[in-house]
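Me: Hi! Could we go through this model together, one feature at a time?
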Amino acid sequence: MTGRWPSSVRRSTALSAALLCAVVFTLGWLGTRELLSAQLSGSAVSATRAQLDGLAETFRAGRPVPPAGDALFEVVDDTGRPVASSENLRRWDPAWTPLPPAPAGAPSDWSVTTKATLRPGDHPQWREYREYTVVGKVIEGGGQRLTLYLFVLPWDTLRTLGTFDDTLAFFVPLAVLITALVAWFAAGRALRPVEAIRRELAEVSGSRLDRRVPVPPSRDEVARLAITTNATLDRLQQAHDQQERFVADASHELRSPLANLRTGLEVALTHADRADWPAVARRSLLDIQRLQRITADLLQLAVDPAELPAPEGIVDLADVVGEQVAERALEPGPAVVSDVDGQAEVVGEPVQLERLLRNLLDNAVRHARSSVTVRLRREAGEAVLEVIDDGPGIPAEDRERVFDRFARLDDARARDAGGTGLGLTLARDIAVRHGGSLRAEDGETGARLVARLPLRGM
């Protein structure tokens, strides 16, 4: 059945509607016919019974008047001998056996409704070869008791049912055809926006992600499908554009240390007898370390946040600040000091939160003139971590751009001392994963980066 059923939605809809209409109308036809047949038969029996009463009165008066036309009747005495019968009865069934008389002792108002079958031997296909309903009653007159039977003729009922069948035999197929056509055109009209969406989607490619499907003016499921499709295409275009920028920036960032490494090695090999190999190794090691940092940062950013487990550990940011500031005290460069206002416990991963602060300090140390300050306090259910340097600062219009991948300001590009361009991006990513935020805010001197993380139990 599956292989024969039309694969087209439009055709299957029209066929389904036609089949459903045919079933419903056929059942309605048969049900209505049975109801009509029962009503007509009941009316015919009632009319025949009234005719039987009139015929019985003529017999009681001693002046029997046989029914006119094709009426079939029979009168039998108590012995079962036919007293009178219609001429057609014997002609339609030569082997007719008289109907039985009323039971002995039956009251004077006795009546009966029974069945009788006429079997014309010479014409077995004749219309009178059928079962008839027969009504009977007892009549008394002339000193004897008789049983009078009158056949209910079905011709009017059959004629009406034939007209009914002929009428519906024309209108039911017509109704099925009209239903199929209406379903065909309605499905085509409903699917027209879907076809337009399909055509537009067929034109979407890696170089044409700016195309959008048309949204029909209706507010039905197709319109919602078009809106969802356009929203999906928007996300795909944004992801594609971001990927292209990321690949271009990554290629640019990786090219510089690779070029330096190759150039240094080629020059040293060209003048191997005069090369200062320890210095060459040290420079090469610095370039390799820079490549490692860039690769590690790229791998960190490539992880889907949805795939990472939720942080479960308890971390005191005061300890993290103390450890990171102590490490910076042993390194040359700007002085790094801290201002911690008590404990600030948050739910998180210690390694990730240490990396957040380390990246902020790396950025601050690279751009500071003489000092970097780390402040930690609690405020409105949050731990507020600030890293402030006395460098050139971040212009207000660039305070969001500095968190983009490989984004560096002009001054930073001129003065950078080995940054990967991913530190602040990673720091914000870690803060967001821990339910917090990281922003560049106004500062008295230099840049002021503020991370906010929810305190434990908040």
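Reply: Happy to, and a definition comes first: rings of Phe, Tyr and Trp (its six-membered ring) pair if their centres lie within 6.5 Å, with planes under 30 degrees apart counted as stacked, over 60 as edge-to-face and the rest as tilted. This is a predicted model, in which local features need pLDDT of at least 70 and side-chain atom pairs count only at pLDDT 80 or more, while totals for chains, interfaces and linings use all residues. Residues are numbered from 1 along each chain as its sequence is written, and side-chain values use heavy atoms, leaving out hydrogens and water.

Me: How many aromatic pairs are there by this rule?
Reply: Ring pairs link W96, Y132, F151 and W155 into a cluster. The count of aromatic pairs comes to four.

Me: What is the geometry of the aromatic pair of Y132 and F151?
Reply: Y132 and F151 lie 5.9 Å apart, centre to centre. Their planes make an angle of 70°, and the pair is edge-to-face.

Me: Is Y132 buried or exposed?
Reply: Buried means under 20% relative accessible area, exposed over 50%, and partly exposed in between (1.4 Å probe, protein chains only). F151 has a relative accessible area of 3% and is buried. With a relative accessible area of 1%, Y132 is buried.

Me: Which element gives the most to the lining of the second largest pocket?
Reply: On a 1 Å grid over the protein atoms alone, a pocket is an open set of points where a 1.4 Å probe fits, with protein on both sides within 12 Å along at least five of seven lines; lining residues have an atom within 4 Å of a point. The second largest pocket holds about 260 Å³ of space, and of its 15 lining residues the closest to the centre are S41, E131, T133, V152 and P154. At least two lining residues come from each of α1 (9-60), β4 (131-141) and α3 (155-203). The most, four residues, come from α1.

Me: Which ring does the charged end of R428 sit over?
Reply: A charge sits over a ring if NZ of Lys or CZ of Arg is within 6 Å of the ring centre and within 35 degrees of the ring normal. The charged end of R428 is 4.0 Å from the centre of the ring it sits over, that of F403.

Me: What is the phi of A380, which is not a glycine?
Reply: A380 is found in the loop between β9 and β10. This residue is exposed, with a relative accessible area of 78%. Its phi is positive, at about 55°.

Conventions. Grid points are joined across faces, edges and corners, and a volume is the space filled by probe spheres set on the points.
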